[in-house]
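Work through the exercises below with the model open. Each one gives a task, then a stepwise solution.

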Amino acid sequence: MSTLFDPIRVGAWSLPNRSVMAPLTRNRAPGQLPTALMATYYAQRAHPQHGAGLIVTEATPICPEGHGYADTPGLHSDEQVRAWKAVTDAVHAVGGHIVVQLWHVGRVSHTSLQPNGQAPVAPSAVRANAKTFVFQEQNGQKVGAFVDTSEPRALRLDELPGIVQAYRDAARRAIEAGFDGIEIHGANGYLLDQFLRRGSNHRDDAYGGAIEHRARLLLEVMRAVVDEIGGDRVGLRLSPVTAANDAQDDEPQPLFEHVVRQLAPLGLAYLHVIEGQTGGARDFQQGPAPFDYAALRQAYRDAGGQAAWMVNNGYDATLAQQALADGADLVAFGKGFIANPDLTRRLRQDGPFNAADRSTFYGGDARGYTDYPALAA
């Protein structure tokens, strides 16, 4: 039986273990540029035996309109490509693997974060009952605060090819920046997820209504990035039942089974599935029945899908081993990697584990970011 610490072939990559560092927004990229501190942070967690077999970066917007939180790094300019190259070089120098998570927040944004203070864009003009993170001036100092999202405007039909192209361009830039590949963020109530769900998609055109129409934009994006860099360097994150950022749909099972069946021919490296409420209860459900994750994976396999299956949400070593026994291939860990740069080593020997300082999760400097100690050699 495979363990969390066994190597595995995933798409184009030979990974040294099955422990994945999940994408974690940390709001430490002023001017939307990756920094030297970020290079240190990711390199600390990239050791092939002690750290993550694969690192997925913090969510990274594909265009200026895709930003929804303060001080998140982008991947839509040459300057950002050069800055990310220092990060990927640092990870590769210690033998690690790293992919960038490509992101468009859609309606989960604030006018202060949008070009020219414009309204955020969305499938429909329905404001999210959610908050986003901005910096505000208080007594001459920059202070982080969570504020209500702004009212969005509905994307016009003629704008959607531009969204697809922005993902394609960002995928190309990711390879130029030295990333091993990309993960498309199709989860947690952001733009692609907004199109999927009835709660946020009220359109009556070819991108709204029936499941096949609501899934259209996500699938167009996936086909475009696969065409650009190859399916074996592409992953996708989904969150079938999360309520994060006001994500709502009463019939998630047929919706997401349709999505994965359509993904099967693309030759993806992996599918990354959040089980339950993001960062919350694993048995959280939307609709009348619990979501059947085994049926979701089987629908994908029955359609011919061969991608590695990555599970996420509240995993420890025992639960991870059970998931692998039940058919998962990879297990993603989030907060554990914030506080433990050598988390895989600690999981292997059952601790000890550093406790994470939640007050330093969003924004700040090295404190609570690069100063967590690794175990002594």
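**Exercise 1.** Characterise the second largest pocket: what is its volume, and which residues line it?

*Solution.* 
- Start with volume. In this predicted model, the second largest pocket has about 190 Å³.
- Next, the lining. It counts 13 residues, and E275, R282, Y315, A323 and D326 lie nearest the pocket centre.
- Two or more residues come from each of α8 (293-302), β13 (308-312) and α9 (317-325).
- The lining holds eight nonpolar, four charged and one polar residue.

**Exercise 2.** Repeat the analysis for the largest pocket: which element gives the largest share of the lining?

*Solution.* 
- The space in the largest pocket is about 1200 Å³.
- Its lining has 43 residues; L24, T278, G279, K335 and Y362 lie nearest the centre.
- Several elements supply at least two lining residues each, among them β4 (54-61), β7 (131-138) and α11 (343-348).
- The largest share is from α10, with three residues.
- By class, 22 lining residues are nonpolar, 13 polar and eight charged.

**Exercise 3.** Find the largest nonpolar core and trace the contacts of I184.

*Solution.* 
- The largest nonpolar core comprises 88 residues. Y42, L102, I182, I184 and L263 have the most contacts inside it.
- Helix α6 (residues 216-229) contributes most to this core: nine residues.
- Now take I184. Leaving out residues up to four places away in sequence, I184 touches L102, Y167, L192, V221, M222, V225, G235, L236 and R237.
- Last, look elsewhere. A second, separate core has 15 residues, including V56, V99, A308 and A332.

Definitions and conventions:
Residues are numbered from 1 along each chain as its sequence is written. This is a predicted model: local features need pLDDT of at least 70, side-chain atom pairs count only at pLDDT 80 or more; totals for chains, interfaces and linings use all residues. Side-chain values use heavy atoms; hydrogens and water are left out. A nonpolar core is a set of buried Ala, Val, Leu, Ile, Met, Phe, Trp, Tyr and Cys residues joined through side-chain atoms within 4.5 Å. Buried means under 20% relative accessible area, exposed over 50%, partly exposed in between (1.4 Å probe, protein chains only). Helices (H or I, at least four residues) and strands (E, at least two) are DSSP runs, numbered from the N terminus. Contact means heavy atoms within 4.5 Å. On a 1 Å grid over the protein atoms alone, a cavity is a set of points where a 1.4 Å probe fits but cannot get out, and a pocket is an open set with protein on both sides within 12 Å along at least five of seven lines; lining residues have an atom within 4 Å of a point. Grid points are joined across faces, edges and corners, and a volume is the space filled by probe spheres set on the points. Ala, Val, Leu, Ile, Met, Phe, Trp, Tyr, Cys and Pro count as nonpolar, Asp, Glu, Lys and Arg as charged, and the others, Gly among them, as polar.
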